Amino acid sequence: MSFKVAVVGATGNVGREMLNILDERGFPVSEVVALASRRSQGTEVSFGDRTLKVKALDQYDFSDTDICVMSAGGNVSKEWSPKIGKQGCVVIDNSSAFRYDQDVPLIVPEVNPDAISLFTRKNIIANPNCSTAQLVVALKPLHDVATIKRVVVATYQSVSGAGKEGMDELFTQTRAVFVADQVDVKKFTKRIAFNVIPHIDVFLDDGFTKEEWKMVAETKKMLDPKIKLTATCVRVPVFIGHSEAVNIEFEKPITADEARDILREAPGCQVLDKRENGGYITPLESAGEDATFISRIREDSTVDNGLSMWVVSDNLRKGAALNAVQIAELLVERGLIQPKKKAA
Ligand SMILES: NC(=O)c1ccc[n+]([C@@H]2O[C@H](COP(=O)([O-])OP(=O)(O)OC[C@H]3O[C@@H](n4cnc5c(N)ncnc54)[C@H](OP(=O)(O)O)[C@@H]3O)[C@@H](O)[C@H]2O)c1
């Protein structure tokens, strides 16, 4: 059984990673179609050892396509995902357009795989925000054992989370600083080279940013609506890999050793935690990896049943493309999707 898969946003950061991961994991494809805007029509992207010519989304007919992975931003998704879903093609959407829709499941396969069955309502499945995906992978196994009451998280988010323009801006500004050239600020609100910016997405009325709000809403939707979470989201001059300093308050007692043992066995998690120089993960090492890495696990005696830890993952993989491909795999494993075209 194999599926015709369309990747929308195939020329972007997430789309290119999507093509890599579909190939690496041997997802059963009969055909892969690369789609983007008309600007990129005719350009080429790689899929394994093959080269795909990019087609324009607004000229493509989805009627014989089985799965569409959308990574072209919220506005494109709002316009196209419902239309594509109505044509009987299951959309896995990386944008925030449908994440909070009650009729759209928001899925991290290690966390809430059973919620996927809801997808038939709109034929859309949402992929979470990159910072939330890695966080819930690390929180879920601990929540199952000791019940999380409250989480305080500060993120250190790489520029690739802001798309290819974000990566270009860090590169260009860094070079400009070294050659004493003028440093232009376009994508970010302040200079990102040799700086950090405590502002991701738009400001909300309560002073939090939309990125911070997403972490709250998505954790509640996927893990447990009773969990209280507060976040500070910060952009840092790192190309790939989001890091998070996480403080957790549990209902039941849990030691650092117990947490380490639980996380060592947990799906999608890798513990790298030695109390010595370099005995922890950094974003540089997480780039290109599938795991959510956890380091610096320690008890926090300032609250009852408190733990602190450091969580790092490749935002383009677990935070986006890998999670989307895992969702597609889950559809296939559970027999929730059949190819429209039967193999000859
Ligand atoms: N980066 C992350 O860590 C991350 C994590 C989770 C979710 N996401 C989400 O994934 C999506 C893509 O992010 P990204 O980082 O890959 O952005 P990106 O590098 O800027 O790429 C954007 C892609 O969207 C395409 N596109 C733009 N307008 C289009 C249109 N009107 N019709 C068809 N295609 C269009 C672009 O094609 P052209 O080349 O033709 O312009 C490009 O392929 C966003 O919704 C983002 O929020 C990103």
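How many residues of the shell around the ligand are nonpolar, how many polar and how many charged? In this predicted model, that shell divides into nine nonpolar, 15 polar and two charged residues.

## The ligand and its surroundings

In total, 26 residues surround the ligand. The closest of them are Thr11, Val14, Ser37, Arg39 and Ser40. Three helices, namely helix 1 (13-24), helix 4 (163-178) and helix 8 (317-333), each contribute at least two residues to the shell.

| Residue | Protein atom | Ligand atom | Distance |
|---|---|---|---|
| Asn13 | backbone N or O | oxygen | 2.9 Å |
| Lys164 | polar backbone atom | oxygen | 2.9 Å |
| Asn315 | side-chain N or O | oxygen | 3.1 Å |

On its own, the ligand has 910 Å² of accessible area, and the protein covers 80% of this area.

## The largest pocket

Where does the ligand sit? Its place is in the largest pocket.

The largest pocket holds about 1500 Å³ of space. Its lining consists of 49 residues, and those nearest the centre of the pocket are Ala72, Gly73, Gly161, Ala162 and Gly163. Two or more lining residues come from each of helix 1, helix 2 (74-86), helix 4, helix 5 (210-222) and helix 8. Sorted by class, the lining of the largest pocket comprises 17 nonpolar, 21 polar and eleven charged residues.

## The second largest pocket

The volume of the second largest pocket is about 250 Å³. Which residues lie nearest the centre of this pocket? They are Glu169, Thr172, Gln173, Asp184 and Lys186, which belong to a lining of 13 residues. By class, this lining has two nonpolar, three polar and eight charged residues.

## Two residues with positive phi

The backbone deserves a brief remark as well. Thr147 is not a glycine, yet its phi is positive, at about 55°. This residue is placed in the loop between helix 3 (130-146) and strand 9 (148-157).

Asn305 likewise has a positive phi while being a residue other than glycine, and the value is near 50°. The loop that holds Asn305 runs between strand 13 (292-300) and strand 14 (306-313).

## Summary

Definitions and conventions. Residues numbered from 1 in each chain as written. Predicted model: local features only at pLDDT ≥ 70, side-chain atom pairs only at ≥ 80, totals over all residues. Heavy atoms only, no water. Near = heavy atom within 4 Å. Polar contact = N/O pair within 3.5 Å; in protein donor to acceptor, adjacent residues only side chain to side chain. Areas by Shrake-Rupley, 256 points an atom, 1.4 Å probe, with all protein chains shown as cover. 1 Å grid on protein atoms, 1.4 Å probe; cavity = no way out; pocket = protein on both sides within 12 Å on 5 of 7 lines; lining within 4 Å. Sits in = over half its atoms within 2 Å of the grid points. Helix = DSSP H or I, 4+ residues; strand = E, 2+ residues; numbered from the N terminus. Nonpolar A, V, L, I, M, F, W, Y, C, P; charged D, E, K, R; others polar. Points joined across faces, edges and corners; volume = space filled by probe spheres on them.
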